[in-house]
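Hi,

Here is the model we talked about passing along.

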Amino acid sequence: MLTPGTLSPRTDKNQLSSLHAAVIVNPIKQTDLDAFRDTVGEALTARGVETVSWFETTAEDAGVAMAQEAIAATVDLVLVAGGDGTVRVVCAELAGSGITVGVLPAGTGNLLARNLGISLVMEQALAQVLDGTDRRIDSVRITGDDLPDDRFVVMAGLGLDAAIIDDAPDDLKKRVGWAAYVISTVKNLNHPAFKVELTIDDQKPIRRRARTVVIGNVGTLQANIPLLPDASADDGLIDVVVLAPKRISHWPRLVLSLVIKRWRERDIERFTGKRIQVRSDRHTRRQLDGDMINPGRILTAEVDPSSLVVRVPN
(Lines give C-alpha, C1' and ligand atoms only; values in the text may rest on other atoms or scores of the structure.)
Protein backbone atom coordinates (compact mmCIF):
# COMPACT_ATOMS: atom_id res chain seq x y z
CA MET A 1 0.00 0.00 0.00
CA LEU A 2 1.26 3.48 -0.76
CA THR A 3 1.23 5.73 2.25
CA PRO A 4 -0.06 9.32 2.13
CA GLY A 5 2.32 11.57 0.28
CA THR A 6 3.82 8.75 -1.80
CA LEU A 7 3.85 9.02 -5.58
CA SER A 8 2.23 6.21 -7.48
CA PRO A 9 4.46 4.53 -10.05
CA ARG A 10 2.14 5.59 -12.89
CA THR A 11 2.39 9.37 -12.75
CA ASP A 12 4.52 12.17 -11.36
CA LYS A 13 3.12 15.62 -10.73
CA ASN A 14 6.13 17.13 -12.49
CA GLN A 15 5.45 15.24 -15.71
CA LEU A 16 1.95 16.45 -16.56
CA SER A 17 3.03 17.40 -20.08
CA SER A 18 3.40 13.72 -20.94
CA LEU A 19 -0.11 12.86 -19.77
CA HIS A 20 -3.38 12.23 -21.55
CA ALA A 21 -6.06 13.71 -19.31
CA ALA A 22 -9.80 13.09 -19.34
CA VAL A 23 -12.44 15.30 -17.75
CA ILE A 24 -15.78 13.75 -16.73
CA VAL A 25 -18.27 16.41 -15.71
CA ASN A 26 -21.87 16.31 -14.56
CA PRO A 27 -23.29 19.27 -16.51
CA ILE A 28 -26.21 19.70 -14.12
CA LYS A 29 -23.76 20.62 -11.35
CA GLN A 30 -22.21 23.46 -13.38
CA THR A 31 -23.98 26.80 -13.55
CA ASP A 32 -21.77 27.79 -16.51
CA LEU A 33 -20.43 24.73 -18.30
CA ASP A 34 -18.48 26.75 -20.89
CA ALA A 35 -16.71 28.71 -18.16
CA PHE A 36 -15.87 25.45 -16.39
CA ARG A 37 -14.37 23.98 -19.56
CA ASP A 38 -12.34 27.15 -20.13
CA THR A 39 -11.03 27.17 -16.55
CA VAL A 40 -10.03 23.50 -16.55
CA GLY A 41 -8.65 23.64 -20.09
CA GLU A 42 -6.51 26.68 -19.31
CA ALA A 43 -5.16 25.04 -16.13
CA LEU A 44 -4.21 21.89 -18.04
CA THR A 45 -2.66 23.86 -20.90
CA ALA A 46 -0.65 25.96 -18.44
CA ARG A 47 0.87 22.72 -17.15
CA GLY A 48 1.76 21.50 -20.62
CA VAL A 49 -1.06 18.98 -21.06
CA GLU A 50 -1.85 18.79 -24.77
CA THR A 51 -4.25 15.84 -24.97
CA VAL A 52 -7.59 16.23 -23.17
CA SER A 53 -10.73 14.13 -23.64
CA TRP A 54 -14.02 15.64 -22.46
CA PHE A 55 -17.05 13.64 -21.31
CA GLU A 56 -20.42 14.71 -19.92
CA THR A 57 -22.60 12.47 -17.80
CA THR A 58 -26.28 12.10 -18.61
CA ALA A 59 -29.49 11.38 -16.75
CA GLU A 60 -29.25 7.80 -18.00
CA ASP A 61 -25.56 7.30 -17.24
CA ALA A 62 -23.90 8.90 -14.21
CA GLY A 63 -20.42 8.15 -15.51
CA VAL A 64 -20.01 4.43 -16.23
CA ALA A 65 -19.59 4.64 -20.02
CA MET A 66 -17.49 7.80 -19.72
CA ALA A 67 -15.07 6.17 -17.29
CA GLN A 68 -14.90 3.07 -19.46
CA GLU A 69 -14.02 5.22 -22.49
CA ALA A 70 -11.28 6.91 -20.49
CA ILE A 71 -9.87 3.52 -19.53
CA ALA A 72 -10.02 2.33 -23.14
CA ALA A 73 -8.17 5.47 -24.21
CA THR A 74 -5.44 4.62 -21.66
CA VAL A 75 -5.57 8.06 -20.11
CA ASP A 76 -3.27 8.81 -17.21
CA LEU A 77 -5.44 11.25 -15.27
CA VAL A 78 -9.21 11.56 -14.91
CA LEU A 79 -10.68 14.73 -13.45
CA VAL A 80 -14.23 14.15 -12.22
CA ALA A 81 -16.46 17.13 -11.45
CA GLY A 82 -19.83 16.38 -9.94
CA GLY A 83 -21.63 15.41 -6.78
CA ASP A 84 -20.85 12.44 -4.56
CA GLY A 85 -22.85 10.15 -6.83
CA THR A 86 -20.91 11.07 -9.97
CA VAL A 87 -17.62 10.72 -8.09
CA ARG A 88 -18.64 7.30 -6.76
CA VAL A 89 -19.63 5.93 -10.17
CA VAL A 90 -16.42 7.10 -11.84
CA CYS A 91 -14.22 5.86 -9.00
CA ALA A 92 -16.00 2.50 -9.01
CA GLU A 93 -15.11 2.03 -12.67
CA LEU A 94 -11.52 3.22 -12.25
CA ALA A 95 -10.79 1.08 -9.19
CA GLY A 96 -8.04 -1.38 -10.03
CA SER A 97 -7.12 0.41 -13.27
CA GLY A 98 -4.12 2.31 -11.91
CA ILE A 99 -5.46 5.50 -13.47
CA THR A 100 -5.24 8.55 -11.21
CA VAL A 101 -8.49 10.29 -10.23
CA GLY A 102 -8.66 13.98 -9.38
CA VAL A 103 -11.87 15.02 -7.58
CA LEU A 104 -13.23 18.49 -8.36
CA PRO A 105 -16.05 19.15 -5.87
CA ALA A 106 -19.22 20.34 -7.57
CA GLY A 107 -21.99 18.81 -5.48
CA THR A 108 -23.74 19.35 -2.17
CA GLY A 109 -21.85 16.99 0.12
CA ASN A 110 -18.47 16.61 -1.63
CA LEU A 111 -17.55 14.09 1.05
CA LEU A 112 -14.63 12.40 -0.70
CA ALA A 113 -13.03 15.78 -1.41
CA ARG A 114 -13.57 16.86 2.20
CA ASN A 115 -11.98 13.69 3.55
CA LEU A 116 -9.00 13.98 1.19
CA GLY A 117 -8.32 17.58 2.20
CA ILE A 118 -9.30 19.03 -1.18
CA SER A 119 -10.66 22.57 -1.18
CA LEU A 120 -14.36 23.05 -1.89
CA VAL A 121 -13.54 26.14 -3.98
CA MET A 122 -13.29 24.92 -7.57
CA GLU A 123 -10.27 26.98 -8.65
CA GLN A 124 -8.31 26.03 -5.53
CA ALA A 125 -9.30 22.38 -5.85
CA LEU A 126 -8.16 22.35 -9.47
CA ALA A 127 -4.73 23.68 -8.54
CA GLN A 128 -4.41 21.25 -5.62
CA VAL A 129 -5.30 18.29 -7.79
CA LEU A 130 -3.11 19.18 -10.76
CA ASP A 131 -0.11 20.05 -8.58
CA GLY A 132 -0.71 17.40 -5.95
CA THR A 133 0.55 13.94 -5.15
CA ASP A 134 -0.85 10.53 -5.98
CA ARG A 135 -2.13 8.44 -3.09
CA ARG A 136 -3.62 4.96 -3.07
CA ILE A 137 -6.83 4.57 -1.10
CA ASP A 138 -9.31 1.77 -0.54
CA SER A 139 -12.63 1.30 -2.28
CA VAL A 140 -15.41 -0.88 -0.92
CA ARG A 141 -17.26 -3.64 -2.75
CA ILE A 142 -20.96 -3.67 -1.87
CA THR A 143 -23.68 -6.27 -2.41
CA GLY A 144 -27.19 -6.77 -1.09
CA ASP A 145 -30.70 -7.90 -1.87
CA ASP A 146 -32.03 -6.30 -5.08
CA LEU A 147 -28.63 -4.65 -5.53
CA PRO A 148 -26.15 -5.43 -8.31
CA ASP A 149 -22.50 -5.76 -7.33
CA ASP A 150 -21.15 -2.26 -6.92
CA ARG A 151 -18.61 -0.13 -5.04
CA PHE A 152 -18.55 2.96 -2.89
CA VAL A 153 -15.72 5.21 -1.71
CA VAL A 154 -17.35 7.25 1.07
CA MET A 155 -20.29 5.73 2.97
CA ALA A 156 -23.23 3.39 2.58
CA GLY A 157 -26.17 3.44 4.93
CA LEU A 158 -29.66 2.28 5.69
CA GLY A 159 -32.42 3.71 7.83
CA LEU A 160 -32.36 7.34 8.95
CA ASP A 161 -29.17 8.08 7.01
CA ALA A 162 -30.84 7.19 3.73
CA ALA A 163 -34.10 8.92 4.69
CA ILE A 164 -32.25 12.20 5.29
CA ILE A 165 -30.69 12.02 1.83
CA ASP A 166 -33.92 10.95 0.15
CA ASP A 167 -35.99 13.72 1.73
CA ALA A 168 -33.61 16.61 0.98
CA PRO A 169 -35.18 18.26 -2.13
CA ASP A 170 -32.85 19.00 -5.03
CA ASP A 171 -34.10 22.59 -5.35
CA LEU A 172 -33.40 23.18 -1.65
CA LYS A 173 -29.89 21.73 -2.00
CA LYS A 174 -29.24 24.13 -4.87
CA ARG A 175 -30.37 27.09 -2.74
CA VAL A 176 -28.80 26.33 0.64
CA GLY A 177 -26.26 23.56 -0.04
CA TRP A 178 -25.66 20.92 2.62
CA ALA A 179 -27.90 22.80 5.07
CA ALA A 180 -30.74 21.07 3.21
CA TYR A 181 -29.63 17.86 4.93
CA VAL A 182 -29.96 19.55 8.32
CA ILE A 183 -33.56 20.44 7.52
CA SER A 184 -34.21 16.89 6.35
CA THR A 185 -32.60 15.51 9.53
CA VAL A 186 -35.00 17.48 11.73
CA LYS A 187 -37.88 16.20 9.64
CA ASN A 188 -36.76 12.59 10.11
CA LEU A 189 -35.68 12.57 13.78
CA ASN A 190 -38.51 10.22 14.64
CA HIS A 191 -37.53 7.72 11.94
CA PRO A 192 -38.75 4.29 13.10
CA ALA A 193 -36.23 2.00 14.73
CA PHE A 194 -35.52 -1.47 13.37
CA LYS A 195 -33.57 -4.52 14.47
CA VAL A 196 -30.26 -5.32 12.79
CA GLU A 197 -27.78 -8.16 12.82
CA LEU A 198 -24.16 -7.12 12.26
CA THR A 199 -21.54 -9.64 11.19
CA ILE A 200 -17.97 -8.32 11.34
CA ASP A 201 -15.52 -10.55 9.45
CA ASP A 202 -15.84 -14.08 10.90
CA GLN A 203 -17.04 -12.98 14.32
CA LYS A 204 -20.28 -14.00 15.96
CA PRO A 205 -23.24 -11.84 14.78
CA ILE A 206 -24.17 -8.86 16.93
CA ARG A 207 -27.84 -7.94 17.30
CA ARG A 208 -28.89 -4.37 17.95
CA ARG A 209 -31.81 -1.99 17.74
CA ALA A 210 -31.03 0.92 15.43
CA ARG A 211 -32.39 4.03 13.76
CA THR A 212 -29.58 4.07 11.25
CA VAL A 213 -26.48 2.07 10.34
CA VAL A 214 -23.66 3.61 8.31
CA ILE A 215 -20.66 1.77 6.83
CA GLY A 216 -17.75 4.08 6.04
CA ASN A 217 -14.55 4.06 4.05
CA VAL A 218 -13.96 7.58 5.41
CA GLY A 219 -15.48 9.16 8.47
CA THR A 220 -16.09 12.91 8.26
CA LEU A 221 -19.43 14.46 7.32
CA GLN A 222 -20.28 18.02 6.37
CA ALA A 223 -19.35 20.65 8.98
CA ASN A 224 -16.40 18.39 9.87
CA ILE A 225 -18.58 16.11 12.01
CA PRO A 226 -16.55 12.93 12.70
CA LEU A 227 -19.20 10.25 12.35
CA LEU A 228 -16.47 7.58 12.19
CA PRO A 229 -13.46 9.27 13.79
CA ASP A 230 -11.12 6.30 13.39
CA ALA A 231 -11.91 5.68 9.72
CA SER A 232 -9.08 6.18 7.23
CA ALA A 233 -9.29 5.86 3.47
CA ASP A 234 -6.08 3.86 3.20
CA ASP A 235 -6.01 1.58 6.26
CA GLY A 236 -7.38 -1.55 4.55
CA LEU A 237 -10.40 -1.50 6.87
CA ILE A 238 -13.99 -0.29 6.90
CA ASP A 239 -15.91 1.09 9.86
CA VAL A 240 -19.56 0.90 10.85
CA VAL A 241 -21.61 2.98 13.26
CA VAL A 242 -24.97 2.14 14.79
CA LEU A 243 -27.08 5.06 16.03
CA ALA A 244 -29.93 4.04 18.30
CA PRO A 245 -31.49 6.93 20.26
CA LYS A 246 -34.69 5.70 21.88
CA ARG A 247 -36.50 9.03 21.84
CA ILE A 248 -36.26 12.38 20.07
CA SER A 249 -35.07 13.92 23.34
CA HIS A 250 -31.93 11.76 23.15
CA TRP A 251 -30.72 13.30 19.88
CA PRO A 252 -29.01 16.40 21.39
CA ARG A 253 -26.77 14.22 23.57
CA LEU A 254 -25.99 11.99 20.62
CA VAL A 255 -25.04 14.93 18.40
CA LEU A 256 -22.82 16.35 21.15
CA SER A 257 -21.07 13.00 21.46
CA LEU A 258 -20.28 13.14 17.74
CA VAL A 259 -18.70 16.58 18.09
CA ILE A 260 -17.00 16.10 21.48
CA LYS A 261 -14.68 13.12 21.20
CA ARG A 262 -14.43 12.46 24.92
CA TRP A 263 -18.21 12.39 25.36
CA ARG A 264 -19.32 8.77 25.55
CA GLU A 265 -22.88 8.06 24.53
CA ARG A 266 -24.53 4.68 24.92
CA ASP A 267 -26.73 5.24 21.85
CA ILE A 268 -23.66 5.11 19.56
CA GLU A 269 -21.62 1.98 18.81
CA ARG A 270 -18.79 1.59 16.32
CA PHE A 271 -17.06 -1.48 14.90
CA THR A 272 -14.22 -2.08 12.44
CA GLY A 273 -13.40 -4.93 10.06
CA LYS A 274 -12.57 -5.94 6.51
CA ARG A 275 -16.02 -7.35 5.75
CA ILE A 276 -19.22 -6.07 7.34
CA GLN A 277 -22.72 -7.35 6.75
CA VAL A 278 -25.80 -5.50 7.98
CA ARG A 279 -29.06 -7.44 7.98
CA SER A 280 -32.26 -5.63 8.93
CA ASP A 281 -35.48 -7.23 10.09
CA ARG A 282 -37.45 -5.19 7.54
CA HIS A 283 -37.06 -3.40 4.22
CA THR A 284 -35.71 0.09 4.71
CA ARG A 285 -34.27 2.87 2.60
CA ARG A 286 -30.59 2.54 1.58
CA GLN A 287 -27.96 4.78 0.02
CA LEU A 288 -24.49 4.61 -1.54
CA ASP A 289 -22.40 7.79 -1.35
CA GLY A 290 -25.51 9.93 -1.31
CA ASP A 291 -27.35 8.08 -4.09
CA MET A 292 -30.55 6.26 -3.23
CA ILE A 293 -30.70 2.58 -4.16
CA ASN A 294 -33.53 0.08 -3.90
CA PRO A 295 -34.92 -0.37 -0.38
CA GLY A 296 -33.89 -3.67 1.13
CA ARG A 297 -32.76 -5.60 4.18
CA ILE A 298 -29.10 -6.43 3.55
CA LEU A 299 -25.88 -4.57 2.82
CA THR A 300 -22.60 -6.49 2.66
CA ALA A 301 -19.43 -4.42 2.34
CA GLU A 302 -15.89 -5.70 1.79
CA VAL A 303 -12.82 -3.50 1.54
CA ASP A 304 -10.65 -3.62 -1.59
CA PRO A 305 -7.37 -2.24 -0.24
CA SER A 306 -5.32 0.30 -2.21
CA SER A 307 -7.50 -0.20 -5.29
CA LEU A 308 -7.93 3.47 -6.23
CA VAL A 309 -5.29 6.08 -7.04
CA VAL A 310 -6.39 9.63 -6.14
CA ARG A 311 -4.64 12.97 -6.44
CA VAL A 312 -4.41 14.82 -3.10
CA PRO A 313 -2.96 18.20 -2.08
CA ASN A 314 0.71 18.31 -1.13
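This is a predicted model: local features need pLDDT of at least 70, side-chain atom pairs count only at pLDDT 80 or more; totals for chains, interfaces and linings use all residues.

A word on terms before the strands: two strands count as paired if DSSP finds at least two bridges between them. Helices (H or I, at least four residues) and strands (E, at least two) are DSSP runs, numbered from the N terminus.

Residues are numbered from 1 along each chain as its sequence is written, and side-chain values use heavy atoms, with hydrogens and water left out.

I'd start with β14 (residues 291–312). Strand β4 (residues 100–105) pairs with β14 in the parallel sense, over two bridges, with V310 as the bridge partner of V101.

D134 is found in strand β5. Its relative accessible area is 1%, so D134 is buried (under 20%; exposed is over 50%, partly exposed in between, with a 1.4 Å probe and protein chains only). The D134 side chain makes a polar contact of 2.4 Å with that of R311 and another of 3.1 Å with that of T100. A polar contact here is a pair of N or O atoms within 3.5 Å; within protein, one must be able to donate a hydrogen and the other to accept it, and residues adjacent in sequence count only if both atoms are side-chain atoms.

L116 is in helix α4 (residues 111–116). L116 counts as buried because its relative accessibility is 7%. Leaving out residues up to four places away in sequence, L116 touches R135, I137, V310, V312 and P313, where contact means heavy atoms within 4.5 Å. L116 and R135 are 19 residues apart along the chain, with 9.8 Å between their C-alpha atoms.

Last, a ring: the charged end of R37 sits over the ring of W54, 4.4 Å from its centre. That label requires NZ of Lys or CZ of Arg within 6 Å of the ring centre and within 35 degrees of the ring normal.

Cheers
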